[in-house]
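Work through each task before reading its solution.

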Amino acid sequence: MKILFCKVSSMKYYRGVEEYNDIPYNGGKFVKENGYGYEEYNFAPINIEDEECLLGFVETKSNRGRKNELHIENIRGCEAFKNEDYVDGVLVIWCATRYTNRVSIVGWYKDARVYRMYQELDDDYNYRYFNIKAKKENCVLIQDNKRNKHIWDAPVPKTHTYGFGQALVWYAKEEKADNYLEKLIKNIEAYDDENIVNIDIEPIG
């Protein structure tokens with residue numbers, strides 16, 4: 001299975017900072033200095049060409065001034081996409097560092113399109129960027145107070161010999177991660193709890 005793990009700042013709804021007073025935390029230097037990150041809308045449904053979608057953003061490393069690039073050919077099963085601009089059919093797992101300083105899975109996009117380079121919406125959306133896209137019906141955001149369940153623990157070096165390192169993406173290619181991935185996918189397929197994406201939430205003010 002094509003699978004990609006992305007780490008972003010921790011938020012409750014991911015539908016906008018000002019709209020819901022949803023202040024991001026543990027998001028790195030940019031978020032700390034600016035009070036927001038481009039991932040603030042990762043679970044805000046948007047209509048694109050008559051289809052409800054979610055547009056996700058994860059920060060990728062820059063290299064000596066070169067544009068940031070997500071190396072889609074490093075995703076498990078995507079070696080043939082070295083010269084492509086995007087790859088489809090990826091299970092994207094969104095993770096964040098919680099108040100407990102534990103990295104937890106907060107949600108996922110199934111059957112997502114992952115872009116190599118940042119994409120930008122038209123001028124109506126001003127500065128909004130994304131590099132992952134999925135249909136709303138294929139996306140889940142776990143209820144905030146249930147993200148600390150151990151079944152949603154994300155792989156980090158403190159508890160695993162694989163997982164996130166310095167980068168905010170993990171391509172999940174290591175064979176030693178197979179058992180973890182198998183269990184996680186079963187938990188995702190069995191998920192029948194509340195999905196925040198499908199709940200109407202009134203903006204503040």
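**Exercise 1.** Is R113 buried, partly exposed or exposed?

Solution. The model is predicted: local features need pLDDT of at least 70, side-chain atom pairs count only at pLDDT 80 or more, and totals for chains, interfaces and linings use all residues. Residues are numbered from 1 along each chain as its sequence is written, and side-chain values use heavy atoms, leaving out hydrogens and water. Buried means under 20% relative accessible area, exposed over 50%, and partly exposed in between (1.4 Å probe, protein chains only). R113 has 26% relative accessibility, so R113 counts as partly exposed.

**Exercise 2.** Which side chain meets that of R113 in a salt bridge?

Solution. A salt bridge is a side-chain nitrogen of Lys or Arg within 4 Å of a carboxyl oxygen of Asp or Glu. The partner of R113 is D88, at 2.7 Å from N to O. D88 belongs to strand 4 (residues 86-97) and R113 to strand 5 (residues 103-120), so the bridge ties together parts 25 residues apart in sequence. Strands (E, at least two residues) are DSSP runs, numbered from the N terminus. D88 is partly exposed, with a relative accessible area of 34%.

**Exercise 3.** Which residue forms a salt bridge with R98?

Solution. D144 does, with the closest N and O atoms 3.0 Å apart. D144 lies in the loop between strand 7 and strand 8 (169-170), and R98 in the loop between strand 4 and strand 5, so parts 46 residues apart in sequence are tied together. R98 is buried at 6% relative accessible area, whereas D144 is partly exposed at 24%.

Terms used:
Helix = DSSP H or I, 4+ residues; strand = E, 2+ residues; numbered from the N terminus.
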